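Visitor: I'd like to look at the aromatic rings in this protein. Can you walk me through them?
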Amino acid sequence: MTRLLSPRPFDRMLRPIKPIAALGVLATSAALSSFSAHAGDWIVGSGIYDITGPAADRGMVGYGSTAQTTQGIDTRLWSRAFTMGKAGTQDYVVFVSADLMSIPQGVHQGVMEKIAANGALAPYLNKNNVMLTATHTHVGPGGFDHNVMLNMSALGYDGKNHSTIVEGIYQSIVSAFNSQSEGDIKIAQGQLTGASVNRNTEAYHLNPDAADYPTNVNDTMTVLKLVKDNGQEVGMVNWFAVHNVSAPQTHRYISGDNKGVASQLFETEKGTQPPLTTGFVAAFANSDEGDVSPNVCGPENGCESSTEKNILRSANLQFNKAWSLYHSAQESLANTLDYRFQYVTLPGYEVSGQYTGNGSQTVCEGTLGWSMTAGAGWDGPMHIDGIQEGMTQDNEGTFWNANETLLGNVFAGYPLLGIMDALSNATNLFGSAGDTQHHECQYPKPTFLNTKLSNNIHLYTDTLPFQMFQLGKVLLVGVPGEITTMAGRRLKADLLNHMSARGVEQVIIAGLANAYGGYITTPEEFNVQHYAGGHTLYGPNSLAAYRQIYSLQAESMLAGSSVVPGPAPLDWSNDQLVNTIGVVYDDKRLWESFGGVKKNTASSYNKGQTAIVKFRSGHPQNHYRTMDAFMEVQRKVNGNWVTVYTENDISTRFRWIRDTDADCLACSYAQLEWTIPSDAPSGNYRLKHKGHWKSGWGGSLKSYTGKSRTFSVK
């Protein structure tokens, strides 16, 4: 097993490097015009909280594979929040970046309910000025949506995981708000090349405006630096468009993936090491990443020899650019602050010819196309016989001669899809996969499933939140889904055209914001029906609708008027039909104890080697150990044991292993692994495990600990 060798970011690359700023390489920001800002123009604050969830036996969400269940932790998942307010007023916005695949509607609703119930927050914060976004990691536990589709890989709804995520995001917001103080927001912007590629160039180059741009990805990184008036640096948030999929669908360990690790690298350099210490918060937020991959050396190929190295390569590229921009940031944002939020039900929404280019059009009812079931060929193909990208209503006969055979191939590997197909047929809203009838509005997408299976079962929400913040010359646009590069470029051009009169010079898309509505492609990309087109739920006029909705919000900002709040989305919190199965009980042999050592460490190690210990354990679902740890690396300092790393550090791994012996059916092991960094101090160490075991059905939880022998590091 290849593990990472150091907790320090600059020892982690395949070759030694130094901080970019130290090499004298500074971000190019000459093109950014200057606004004067004075001490106290802004209110700034930051917060972070654990949202990790079940570390074993829960299906991951992102790739859609029920076989990809959690087996431990590489890094914990975090919610990072930033308060930005206008000094001298009670006007604030809060931006959140969470290590999740997406922010489902139910999570957004849950967080807003908690804010509304907090008497200290409710007068200032609500859905209008709080933006929740996700980094889009595909290696976190699922089951936390109130709609059905994203819970499929977890085999149902996991209420405990949902509550953990809602509470964690809320607590990060509370911390960010309570830590606020007068300060400054500085901005820097530059290009990061070599860290991303367009994973669907065929579709991209069908866009007639493709030749208008020098690259087929958005390679701009924008950094905001938050500093209090007393000089304390409290946070950094940057936006860079890249799929957070350096870990493939075979990976089973929870991880923030490339963006989560980049955050950890930055926070470590700033002296923060959650859960041991919190303070400076660094968020690597996502942007218009719909067709952008970190696998720059080919399909599922991040250029390195292991998943860990691929994650680290992408993380370091983003970290180094952000580090450089952060330390070169001199320009202060003017303290213009404004925001808009509204809900729009997309099916049936009318879009003018100004945005469709083809007269007034209506947005379609939602469907999933057959190409969506193929997966993204570059980053996560499904490998189902008979299914591939590019399946359209016109060529479907090329791909299947007998639809029954094709359906059999899909449903054999994904039986829940078969159940949904039956429900889709039963509703017969506008055709379904089973009878190969397709909705004319969705042409040329061939329908696999209707997103509304019945009045009580929706795969996705169809009432989406649209939001934007103006922060000085920056317009931050919260998009509730995954928008492709060219779709993002067209939307940003619209908004820049509107908002330049109000001082806006940069429009930034904050992807995966407040709800998840699949992909947003251009009509040209939709027509070829690759994965992203098949996952553009509401048809070829989806982008046109987004452009119109956001343009109307921009016009309301210019006019100083409000927007229509729109219809409240359905609340499914009490209507979950299928729930995940939890732990019944934990077992051990009569002569064993929980926390007992099964296989101990060696007595000494050299730096670069991996120390491993194996304990009899309880199931990690019993207790998530939020803001705590299953694993601690402890060093003896002046006669006392001091925890120096947890499973949140990239030099460690917490591995859960089911005991398959016939005489111990509910038994399991916890294996702790620490690859000793090159800069770790020599001395005496031990590995400590903490957990909980369950005594039986409905039984109580009991805590336990286990410790390895003391070993020396030379």
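Guide: We'll go through some ring pairs, then a cluster, then charges over rings. Keep in mind that this is a predicted model.

Visitor: How many aromatic pairs are there?
Guide: The count comes to 26 aromatic pairs. One of them joins Phe-95 and Trp-239. That pair is edge-to-face. The ring centres are 5.2 Å apart, with 65° between the planes.

Visitor: Where do Phe-95 and Trp-239 sit in the chain?
Guide: In distant parts of the chain, 144 residues apart. Phe-95 is in strand 5, residues 91–98. Trp-239 is in strand 10, residues 233–239.

Visitor: Why does Phe-95 count as buried?
Guide: Because its relative accessibility is 1%, and buried means under 20%. Trp-239 is buried too, with a relative accessible area of 3%.

Visitor: What about Trp-674 and Tyr-685?
Guide: They form a tilted pair. Centre to centre it is 5.1 Å, and the planes are 45° apart. Trp-674 is in strand 34 (residues 668–675) and Tyr-685 in strand 35 (residues 683–694). The two residues are 11 apart in the chain.

Visitor: Are those two buried or exposed?
Guide: Both Trp-674 and Tyr-685 are buried.

Visitor: New topic. Which residues do ring pairs link into a cluster?
Guide: Phe-266, Phe-280, Phe-284, Phe-319, Trp-323 and Tyr-326.

Visitor: And charges? Which ring does the charged end of Arg-653 sit over?
Guide: The ring of Tyr-253, at 3.9 Å from its centre. Lys-614 also lies over a ring face, that of Tyr-669. Here the distance to the ring centre is 4.5 Å.

Technical notes
Residues numbered from 1 in each chain as written. Predicted model: local features only at pLDDT ≥ 70, side-chain atom pairs only at ≥ 80, totals over all residues. Heavy atoms only, no water. Phe/Tyr/Trp six-rings, centres within 6.5 Å; stacked < 30°, edge-to-face > 60°. Helix = DSSP H or I, 4+ residues; strand = E, 2+ residues; numbered from the N terminus. Buried < 20%, exposed > 50% of the residue type's maximum accessible area, 1.4 Å probe, protein only. Lys NZ or Arg CZ within 6 Å of the ring centre and 35° of its normal.
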